[in-house]
Amino acid sequence: MIIVEKGTQATLENVQKWINKHLESKDKYKRNHAYFEGEHDILKVKKDDSQPNNKPVLNLAKYITTMATNYLVGQKVEYSYSKEGSAQETFNKIMDLYKRQSIQTHDKNMAKTASISGISYELDYLSSDEIPVPKAAKISESEAEIICDNTAEHNCLYGLHFFNIDDKRCIIEVYDNTYKTIYETADKFVKPKQVGESVIHGFDRVPITELINNEEMQGDFEQQINAIDSYERIFAEQINDIEQFNDSILKTWNTGFYQDDPKACADRVKLLKKERILEFTGEKQDASWLTKIMDQSKISVLAAALRSDIHATSFVPNLTDVNFANNSSGVAMQYKLLGFEALTKEKQSYFEKLLRRRLKLFVGALELLGYQKLDVQDVTITFNRSLPRNDLEMAQIASQIDGRNIIDKQTLSKQFTFYNDEVADNLKKEKEENPQTDYASINNPNIFGLGGLNG
């Protein structure tokens, strides 16, 4: 997000200035993606050919992002709208469009990119169908920016999408609340020239939405990159030491293995590397291996401590750790995941803003097609955590609650791993047949086992 004075115009000079400012972060995005993809600095380490140079990539960056992303949106985000009327048809249409587009996969990609780079961008657009419908697409964080005013609300004024077509042509798309204007430039977005007339993009606001991962706009593993480098160097040196130990040199005293030889020193060095035997002169006769003493225990303790600190400072736990191996109760598991949950709630708050803005964009586009306006604040958005569930423990809780009309059956059923669309349909049919028996009532004499709230 770039903040400008309210009323600032998207002149060619300003557009180029905004793009150049955005490109200052391009190297950070590139480095974060490289670490996620396993292209770590340890691969660039160079040593003499005579020394072992192992380069193990232990991709904790990918682990952190994968776990954080799936914990947030690994399960389908659910939407519900309880008000009756014509707006219900609009809500149903949006849910149908989401289903057709596989919006859950799109949401995962948005969350993953935000977890890597600290930010991601979504472009909403109208499809090329005979009757256009709104759709959502993720665009590269290196090729998009939004421009907001300097008011307390930071209203979005413009959205930029800029990308290379080939080595000699670049395209800049500038969106405001109504129009889309296209410019073409040479390499590095220099001296843009408008292509054609501005066209109506079909939405009632700028159709580019920014998703930030946190207030600092940092990736989930970004602060741990140096620690990850150190962790990998420890293992690299450990493996190198083992390899050197296996290549130990045999030292001898007066065994006659080496005789006086007039060859040059260089030849003897080559022979030493090949035969791995070094002879000392003296009166005694002996043969033993010349080795480096390794204290593996200290190295292992250091590596374990460093990995533990990486997980602690990223707030993403190591689920392969022994602390998660036993079958803990739900409460015990929640304590172990307290930091992870705090991290995810922060990410969720920003992600919900994206989802609500997307709903507003879709509503605005559907209004042009004759659909009724829908107030997106009346839509309930529910995130479901991706955690193993103890069905036996939940069944015991449900057996104590079910029949007391404290919690509706659908809410109870969602707590089990076997909950699916078929179960939901069965519960819906049951509710239609028995509308009075599914929810808590203040007049129910069995509620909380207190003989009713009125007496």
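Q: What share of the contacts in the protein with a separation of 6 or more is accounted for by residues 24 or more positions apart?
A: A contact means heavy atoms within 4.5 Å. In this protein, the share is 67%. The model is predicted: local features need pLDDT of at least 70, side-chain atom pairs count only at pLDDT 80 or more, and totals for chains, interfaces and linings use all residues. Residues are numbered from 1 along each chain as its sequence is written, and side-chain values use heavy atoms, with hydrogens and water left out.

Q: How many helices and strands are there in the protein?
A: Helices (H or I, at least four residues) and strands (E, at least two) are DSSP runs, numbered from the N terminus. This protein has 13 helices and 15 strands.

Q: How many residues of helix H3 are buried, and what length does H3 reach?
A: The expected span of a helix is 1.5 Å times one less than its number of residues. H3 covers residues 60-73 and has 14 residues. From first C-alpha to last it reaches 20 Å, close to the 20 Å expected. H3 is mostly covered, with ten of its 14 residues buried. Among them are Leu60, Tyr63, Ile64, Tyr71 and Val73.

Q: In what order do the three strands of the open sheet stand?
A: Strands of a sheet pair through backbone hydrogen bonds, either parallel or antiparallel. Two strands count as paired if DSSP finds at least two bridges between them. Here the order is S4-S3-S11, and the pairing is antiparallel. S4 (134-139) and S11 (208-212) are the edge strands; each has a single partner, so one side of each lacks a neighbour in the sheet. From one strand to the next, the twist averages 25°. Axes are lines fitted to C-alpha atoms, for helices over the stretch in contact, and angles run from 0 to 180 degrees between N-to-C directions.

Q: How many bridges join S3 to S4, and how many join S3 to S11?
A: S3 (residues 119-126) and S4 are joined by six bridges. Tyr125 has Lys135 of S4 as its bridge partner. Helix H10 (residues 338-367) packs on this sheet and touches S3, S4 and S11; its direction makes about 170° with that of S11. S3 and S11 are joined by five bridges, and Ile119 is partnered by Ile212 of S11.

Q: Which residues of S11 are buried on one side and on the other?
A: In a regular strand the side chains alternate between the two faces of the sheet. In S11, Ile208, Glu210 and Ile212 are buried on one side, and Thr209 and Leu211 on the other. Five of the five residues are buried, so S11 is largely enclosed by the rest of the structure.

Q: Which residues of the largest nonpolar core touch the most other members?
A: A nonpolar core is a set of buried Ala, Val, Leu, Ile, Met, Phe, Trp, Tyr and Cys residues joined through side-chain atoms within 4.5 Å. The largest here has 44 residues, and Tyr79, Ile94 and Phe351 touch the most other members. H10 gives the largest share of this core, eight residues. Beyond four places in sequence, the contacts of Tyr79 include Phe91, Leu355, Arg358 and Ile381. A second, separate core of 21 residues includes Tyr35, Phe36, Val316 and Phe340.

Q: Is His106 buried or exposed, and what does His106 touch?
A: His106 sits in helix H5 (residues 103-117). Its relative accessibility is 9%, so His106 counts as buried. Leaving out residues up to four places away, His106 touches Glu122, Ala136, Ala137, Lys138 and Arg358.

Q: Where is Phe162 placed, and how many Å separate Phe162 from Glu145 in space?
A: Phe162 belongs to strand S6 (residues 156-164). It is buried, at 1% relative accessibility. Phe162 and Glu145 are 17 residues apart in sequence but 8.8 Å apart in space, C-alpha to C-alpha. Beyond four places in sequence, the contacts of Phe162 include Ile19, Leu23, Glu145 and Phe189.

Q: What is the phi of Met217, and what is the phi of Phe315?
A: Most residues other than glycine have a negative phi. Met217 has a positive phi, near 55°. Met217 lies in the loop between S11 and helix H6 (225-246) and is partly exposed at 34%. Phe315 also has a positive phi, about 65°. Phe315 lies in the loop between helix H8 (296-314) and helix H9 (330-336), and is partly exposed at 45%.

Note on methods: Buried means under 20% relative accessible area, exposed over 50%, partly exposed in between (1.4 Å probe, protein chains only).
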